[in-house]
Amino acid sequence: MRKKRAGMGEAPYKKDNETFTYDGKKVTAYPAEKLFDMIKEDFGEDVEGEVKTFTAGVKKKKEYKEIWLKVKRERFHELVEWMSKIQVPHLAVASGRDAGEEIELIYHFSLFYGIRDSEVSLCVKVSLPKEDPVIDTITDILPGALITEREKQEMLGVKVKNIPDPRRVFTSDELPEGYYPWRNDNDPEVEKELVRDLSKEGL
Amino acid sequence: MAEKTFTVPIGPIHPALKEIESFILTVDGERVVNVELDLGYSHRGLEYIVTHRCNPIQAIYIAERICGICSTSHPYAYVQSMEHAAGITPPERAEIIRAIIGELERIHSHILWAGVAAHEIGFDTLLHWTWKIRENVLDVLEAITGNRINYAMFTIGGVRRDIDEKGIRQIRSSLQFYREVFDTFVATFIEDTTVKMRTRDVGILTREEAEKQVAVGPTARGSGVPKDVRYDKPYSAYADLDIYPIVPDEFTHEETKGDVYDRIVVRIFEVLQSVHILEDLCDLLESTPGPITYQQNLVVVLNQLKRAVGEGIGRHEAPRGEVFHYSMLNKREQPVVWKVRAPTYNNYASWIPMMKGTQIADIPIVIASIDPCLSCADRMTVVDERTGKSRVMTLQEMREMGWRKTKEIKRRVA
Amino acid sequence: MFPVAIEVLKQMIKRPFTNPYPAKYKPKVTLTEVVELVQKGKIKLNPPVEVPEGFRGRIAYNIEECIGCQLCIKVCPSRAIEFVPEVKKVKIYISRCTFCSQCNDICPKKCLSMSKEFELADYEKYGKSLIIGATEDYVKKVEKEKKTADKKE
């Protein structure tokens, strides 16, 4: 049942694991720059961003790349659909922050997983104005995105359109409406009541 | 079917979990027809604490205490994200030491899990035996880091303690021990007829479901998705090694089904994989002298982080799957944004397809099969919808149901 | 089942791994009497298992060396260290300490270190045994010394 040095060396998978279909053609994993150019070509002015390169390794140096994108929210859903045509994208998580006038969501996707050294991380930023923080759901493409979308609703006050389950996940039902823990513009009176610093209270 | 269904809520008290959760199961006789998850009972607001009160050095120890078993995985991802945000490159020796601690942790975590899984199916002899062999790696960790868990080894820009000749010798002798004991481990666990009958075709997660539910780690690999950050996108010293993700069909020589048994196979062979990785890492460490931090003076590091502007992501393949951290620095003492994504966060969703169609007696092992750090007692209420009567059923009772099932199988085997 | 049975049988002839610390059984007398008997040397206690070299136990603080720079306070993740401005020294709450030893690393005078002591139990969280450094007693002592020094002048 066991093999010599299991999990090390050449992967014993069939090579068809490593091909994807794009536009009806069979393709292999793209380098990050090519993927970025393809996105640029299809989305034009609506996306901007850069490719970051990092080096890893001690004796054998290897490079890995991340694509950081900023996309208009009208085309965000389309971008995820575009990615899912190549491979079911892996969504690590959606993070977000309060950037003053707007709320910035960052969806951390990755493509080409399952192939040695080829995975490309895509960090997709979407800015939403605070008066109208609405974004399309991606649960129709990735059902697993539900929890992270629900979390963004309760933590940042984002409205996710067509979300199948809009309830809260992590915060308690006692948390007042309109208070969003990750925002910076909360009412200080409400915050004072909700947040306790136990070490200052001598506990 | 509709008139004969029951609602079975499990939880929410679950002290052993990072996030206590509650399941609301709808059952038809013994079979689960629908599952609903209710999470967030132990949300500690760590992200809020760090972004409001802690500087990046303090946050390492907050990250370490997100999970007791993954107490290297979270700092690993966290320091990576901080280094990317501030543009710091750790020295080579530090990268190797980080990977060594990460792999030692994987060995102890997987063996711990194997014991929990054995307990859930009522095989307590195996629980005690696996936890006995787990002591060896914990002793090594204690010897080289000072603690059995919460090692406090990581810092931004390197590691805090070096592993000397003696430490490498200790690691090597521990690896020898695990290589010797591994055959027995396989024989008592994977090749055991009772374990196999009890876990085969239970809690199935198909490959398509695993991809769509964004499952990570052994949960995804058990379904045949060869997804492993160490292989897909090698970081630190992992780039020097030829690792490939373990999927079950290589060892079972059967078609990958994505059931509990496949996940057991993946985890147990990952122990062996970690042993091989550690052998290579020890050789690498011996041939790589050098400093262990990029900057000895912590005050300089703190000031640099305070001035830094940038954002970065850190990913590490923890025993339970990929740990993901996102940090952003913006000329402030505290990080501006810190987002932690533990592997169980992604694997929650895969419970739903796993549980549908299983029997109540199988629920404990299905819950345990994604390794959500589950160990302690749970309370559940069985509500009879027709009469409105309800009675409380403890997890113990449920486990006993599971144990009875194992006994039945044993009898049938004999 | 069979491979496990062999393992179980092997276990039966082995010595138990557990170290009966501090003793295998408590004698059938009250706890205070046990303490007395131990002090008299009538009961022998088992020593604990040796802790490894880099073990991080109760924090040790050399108060005379300390210059009051407050860097340890800055990096302590659990706010276990408090500054006492009267004497320009720090006070450490052991019960809050997480034993990360980060304060040891940052201390410019190296007056903080981790000892090998691990028996820290106390009835009170902020009991006397669990606060070290510039405690109230220490502050009083320093002030008294100051006064006597002033009088001499």
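A salt bridge here is a side-chain nitrogen of Lys or Arg within 4 Å of a carboxyl oxygen of Asp or Glu. The model is predicted: local features need pLDDT of at least 70, side-chain atom pairs count only at pLDDT 80 or more, and totals for chains, interfaces and linings use all residues. Residues are numbered from 1 along each chain as its sequence is written, chains are lettered from A and ligands numbered from 1 in the order written, and side-chain values use heavy atoms, without hydrogens and water.

Chain B has domain 1 (2–42 + 345–413) and domain 2 (46–329), with bounds from an automatic or database domain assignment. One salt bridge crosses between these domains of chain B. D362(B) and R198(B) form a side-chain salt bridge (2.7 Å, N to O). On the side of domain 1 of chain B that touches domain 2, α16(B) gives the largest share, eight residues. Helices are DSSP runs (H or I, at least four residues), numbered from the N terminus.

Between chain B and chain C there are two salt bridges. In one salt bridge, E53(C) meets K166(B) (3.6 Å, N to O). On the side of chain B that touches chain C, α5(B) supplies the largest share, seven residues.

Buried area is the accessible area (1.4 Å probe) that two parts lose on being put together, summed over both.

| Interface | Buried area | Carbon and sulfur share |
|---|---|---|
| chain B and chain C | about 2400 Å² | 56% |
| domain 1 and domain 2 of chain B | about 2600 Å² | 61% |

Key. Helices (H or I, at least four residues) and strands (E, at least two) are DSSP runs, numbered from the N terminus.
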